[in-house]
Amino acid sequence: MNYEEKMKWFNNARFGMFIHWGLYSILGRGEWVMFFERIPKNEYAKLAEKFNPPKKFSPESWVKLAKETGMKYMILTARHHDGFCLFDSKVSEFTSVKTTAKRDFVAEYVKACRKHNMKIGIYYSLLDWRFPGYFDKNKNPDSFNKMLEQTHSQVKELMTNYGKIDYLFYDGEWIPNVKHARTLIDSKVESPEIAEAWKAKDLNKMVRTLQPDIIINNRSGINEDVDTPEQYVNPSLPGRSWESCMTIGSSYGWGYTKNDYNLKSVYQLIEYLVACASGGGNYVLNIGPKPDGSIQKEFIDKLKKIGKWMKKNGESIYDSERNPAVLSGWTAGIIGSITTKDKNIYVHILRWPGKTAVIPGIQSTILSAKFLATGKKIDFEKTIEGKVILHNLPEKPVDKYDSVIVLKTNGIKQPIDYTNIPL
Ligand code: FHN
């Protein structure tokens, strides 16, 4: 298949689930606990003896929740920076198959995804804190090279032993004292020195040979297929695929964090989802399951509420085009955001204005206006300079979070821009 066909499922998905799960989940203080608390690797490794989710736990419970939330793909941490593998590896003893759990969770995860027609993403951290050479490549080249060998061997295992993989999410590409351009602020720049250090060209060539239709993110030092802004929304240039990944709680709480009270509201999460869809990108929301595989109740409640909203309004999110609207910024005035698809303009009213709503910048000819969730028609007028004014709206918003109104156009796409309307 050609590139556009390969990217189609990703560019239409708009919504995915990230899963950070591993030994760190036992401690409940986030996935960087080994690093931040300077836990010696041999002491940290003992956690593998306690990592033994009950037999009744299955990753299928995560997949079912993702489905109910309206998500189309998932990304599971096969191995994070701590080096512990949730898969069977011939080049490491530090895996969930060779320690107490005696389970290949990646195998169980991919099986559950396929059963529920969920696209399969694998997260793999290039770095491994257990190798001293990672922290000082020049002082300890042998150790760095052993880590590099492990990385190439394990990526090959993941691309060979688990059937068709749809998306490879590299992470942990940064190396102390090696020039690294990608930052969390700007995820769109390549890092040739990093790519060279990881032999990323060879690595990705091997990946694409084993998985010809796979999508690879931009975190091996090479841009590949997808930009990955993290904890913020920043649309890539038109024609470039992108996804914003985010935690529900604090930024370093990707792995289970027991007492993280700084959780985003459902309202905020939907606003971010709409902002991504408005910019023609995806929103990947993270869950950090507890060590037994279960997901904390407040996360389940939030996701189910988003799922209810998606059931009624998903049409305004899935397959959305990159919206040329000046209004597309998610802080656009009293209204909110606009997503577009085919002949429709979807107005996401996140801040209900009352009986009348003014939507400036609509140049297209509007044939009708209605509420997406109910189909109820709305009285509207279109002014000469491109304002759509919605009349006789209910006093209260029709949706607690985001009331979506569909403006049907005559199909002739016009730019959505209100800056040409004189003040
Ligand atoms: O260090 C990791 C972090 O633990 C988490 O996995 C995020 C998710 O994209 N990536 C790195 C921070 O940028």
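Predicted model: local features only at pLDDT ≥ 70, side-chain atom pairs only at ≥ 80, totals over all residues.
Biologist: How far apart in space are the C-alpha atoms of Asn259 and Gly249?

Modeller: Along the sequence, Asn259 and Gly249 are 10 residues apart. In space, their C-alpha to C-alpha distance is 9.9 Å.

Biologist: Now the whole protein. What is its radius of gyration?

Modeller: The protein has 13 helices and 15 strands. The radius of gyration is taken over C-alpha atoms, and the globule rule is 2.2 Å times the number of residues to the power 0.38. For 423 residues that rule gives 22 Å; the protein comes close to it, so it is as compact as a globular protein of that length, with a radius of gyration of 23 Å.

Biologist: What share of the residues is buried?

Modeller: The C-alpha trace spans about 70 × 45 × 40 Å along its principal axes. Of the 423 residues in the protein, the buried share is 58%.

Biologist: How many salt bridges are there?

Modeller: Side chains of opposite charge can pair when their charged atoms come close. Here a salt bridge is a side-chain nitrogen of Lys or Arg within 4 Å of a carboxyl oxygen of Asp or Glu. By this rule the count is 18.

Biologist: Which residue forms a salt bridge with Asp225?

Modeller: The closest N and O atoms of this pair are 3.5 Å apart. It links distant parts of the chain, 219 residues apart: Asp225 is in the loop between β5 (215-216) and β6 (226-227), and its partner is in helix α1 (residues 3-13). Asp225 is buried at 4% relative accessibility, and Lys6 is buried at 8%. The partner of Asp225 is Lys6.

Biologist: Which residue of the Lys6, Arg208 and Asp225 network has a phi near 45°?

Modeller: Salt bridges link Lys6, Arg208, Glu224 and Asp225 in a network. One of these residues lies in the loop between β5 and β6 and is Glu224. A positive phi near 45°, in a residue other than glycine, belongs to Glu224.

Biologist: How far apart are the closest N and O atoms of Lys164 and Asp166?

Modeller: Lys164 is partly exposed at 44% relative accessibility. Asp166 has 6%, so Asp166 counts as buried. They form a salt bridge, and the closest N and O atoms are apart by 3.0 Å.

Biologist: Which residue pairs with Lys98 in a salt bridge?

Modeller: Lys98 is partly exposed at 31% relative accessibility. The closest N and O atoms are 3.4 Å apart, and the partner is Glu93.

Biologist: What is the phi of Asp342?

Modeller: Asp342 is in the loop between β9 (336-341) and β10 (344-349). At 55% relative accessibility, Asp342 is exposed. Asp342 is not a glycine, yet its phi is positive, about 50°.

Biologist: Which lysines form a positive surface patch?

Modeller: Patch residues have over 30% relative accessible area and no salt bridge; like charges are joined within 9 Å, and nonpolar side chains (Val, Leu, Ile, Met, Phe, Trp, Tyr) within 5 Å. Areas come from the Shrake-Rupley method with a 1.4 Å probe, and only the protein chains shown count as cover for residues. Lys and Arg count as positive, Asp and Glu as negative, and His and the chain ends are not counted, while a charge is placed at NZ of Lys, CZ of Arg, CG of Asp or CD of Glu. The patch is formed by Lys304, Lys305, Lys308, Lys311 and Lys400.

Biologist: What is the relative accessible area of Lys304?

Modeller: Lys304 lies in helix α13 (residues 297-313). Lys304 is partly exposed, at 34%.

Definitions and conventions
Residues numbered from 1 in each chain as written. Heavy atoms only, no water. Helix = DSSP H or I, 4+ residues; strand = E, 2+ residues; numbered from the N terminus. Buried < 20%, exposed > 50% of the residue type's maximum accessible area, 1.4 Å probe, protein only.
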